[in-house]
Amino acid sequence: MENEYMKRLLRTLTILLAALATIFAVAGCSNSKAGDTQIDKEKVITVIASTNVWGSVAKQLGGRYVDVTSILNNTGTDAHDYEPSTNDISKFQHAQVAILNGAGYDEWAAKAAGQSKAIVIDAAAAGGKKTGDNPHVWFSAAVRNKTADEITAAYIKLMPSEKAEFEKLNKDWHTEEDDLEAQLQTVAQADGKMPYGAIESVGDYLAQDMGMTDVTPKGYKNATSNESEPTASDIKSFTEALKKGDMKMLIANSQEKSQLSDQLTDAADSGNIPVVDITEQMPSQYKTLNEWLKAIAEQIQATQKGSAAKK
C-alpha cells in the first residue's frame, strides 16, 4: 500500500512540475516578445518632413530604421499659405529629425521645428540657397545631393551602431540620383537651348539642370519672382510670345491656378505650345522624388521630340 501511495504521489508531482514548466515557458516567451518590441521601437528614428518630396528622400536614406511623417502630401495644398494644426506642431516637437525646405517656403515648419529638440535640416541652406532665392529647391540637383548627405549624417549621429547601413543606403540613393542627372544631361545634349516660358518659377532649377533657356518676358518674371502682380504690358508680351510660338514649351503649376494662369495656358494652346504641368508636392502615384523627376524629364524629352518633328 505504501509503495502504491508513493507512486501516485510521484505521478502527481510530475504532472504539477510539467504544468509549472509550461506556465513559466509561456510567460518567458511573452516577456521576450514584449522586450523585442521595445528594442525595435528604440531602433527607429522619428522623422518629420514639411513636404512629401523631402519625406520620400528621408525614407530612402533611413530604410527600416526610420519612421517618417510628411505634413504636406496633397498636390492641392499650397505650402506657402499652409496653417499647421496643433497635431502638426506636436509631431515636430516629438521628432528626432526635422527636415524643412527652407528659403521662406515653409516658415510655419521652421517655426515649429525651432520649438523642438530635433536635429533640423534646412534643404535650401544645405544647398547654399536663402530666403529671396527661388524656394523650389528640390528641383535642384545640387540641393538634393547636399540635403541627402546631411540627412544621413543626422541618422548616423542618432544611431551610430548602424553607420554602415546608413552609408549603404546613402550610396544607393546617390546611384539613383546619378542616373537621374545622366537623364537630365541627355535632354541637355539633345537640345540644350530649348526655349521655354514659365507661369511661375516652380521648375526653373530643373530646367537649368537640363540646359534649357528661359525666355519668359523679363518684366513678367521679375514681378512673379517678387510675388507682385505683372503689369498688363508684361502679360501681353507673354501671351503674344506664346501665340507666335517663340517658346517651345510652357511650364505651369496646377497648385497655383488662377485666371492669369488659365489665360497663359490658353495662349499656349493657340500657339500650339505644349504645356508641362509641374506641381510642388509629389503626386501620389510616385514613391520617390527621383522617380517623379524622371517622369517629368521624360515628359520634357517627349516635348523636345515633338518640337523637332515639326521643324
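This is a predicted model: local features need pLDDT of at least 70, side-chain atom pairs count only at pLDDT 80 or more; totals for chains, interfaces and linings use all residues.
1. Residues are numbered from 1 along each chain as its sequence is written, and side-chain values use heavy atoms, with hydrogens and water left out.

2. Begin with the open sheet whose four strands follow the order β2-β1-β3-β4, with parallel pairing. Here strands are DSSP runs of E with at least two residues, helices are runs of H or I with at least four, and both are numbered from the N terminus; two strands pair if DSSP finds at least two bridges between them. The edges are held by β2 (66–72) and β4 (119–122), each with a single partner strand, so one side of each lacks a neighbour in the sheet. From one strand to the next, the twist averages 20°. For a close look, find β3 (residues 97–100), which runs parallel to β4 and is joined to β4 by four bridges; valine 97 stands opposite isoleucine 119 in β4.

3. Two helices pack on this sheet. Helix α2 (residues 52–62) touches β1 (45–51), β2 and β3, and its direction makes about 175° with that of β2. Helix α6 (residues 141–158) touches β1, β2, β3 and β4, and its direction makes about 170° with that of β4. Contact means heavy atoms within 4.5 Å, and angles run from 0 to 180 degrees between N-to-C directions, with axes fitted as lines to C-alpha atoms, for helices over the stretch in contact.

4. Another open sheet of four strands has the order β6-β5-β7-β8, and its pairing is parallel. Which strands stand at the edges? They are β6 (213–214) and β8 (275–277); each has a single partner strand, so one side of each is without a neighbour in the sheet. Strands β5 (residues 195–198) and β7 (residues 249–252) pair over three bridges in the parallel sense, and alanine 198 is opposite isoleucine 251 in β7.

5. Next, look at α10 (residues 232–244) and α11, which pack at an angle of about 25° with axes 7 Å apart. Ile235, Phe238, Thr239, Leu242 and Lys243 of α10 meet Leu260, Gln263, Leu264, Ala267, Ala268 and Ser270 of α11. These contact residues divide into seven nonpolar, three polar and one charged. Ala, Val, Leu, Ile, Met, Phe, Trp, Tyr, Cys and Pro count as nonpolar, Asp, Glu, Lys and Arg as charged, and the others, Gly among them, as polar.

6. The largest pocket has a volume of about 840 Å³. Of its 31 lining residues, His80, Glu200, Thr224, Ser225 and Glu227 lie nearest the centre. The largest share, four residues, comes from α9. By class, the lining has seven nonpolar, 13 polar and eleven charged residues. On a 1 Å grid over the protein atoms alone, a pocket is an open set of points with protein on both sides within 12 Å along at least five of seven lines, a cavity is a set where a 1.4 Å probe fits but cannot get out, and lining residues have an atom within 4 Å of a point. Grid points are joined across faces, edges and corners, and a volume is the space filled by probe spheres set on the points.

7. Finally, the structure holds one cavity of 30 Å³ or more. The largest cavity has a volume of about 50 Å³, and residues lining this cavity include Ala198, Glu200, Tyr220, Thr224 and Ser225. Helix α9 gives the largest share of that lining, four residues.
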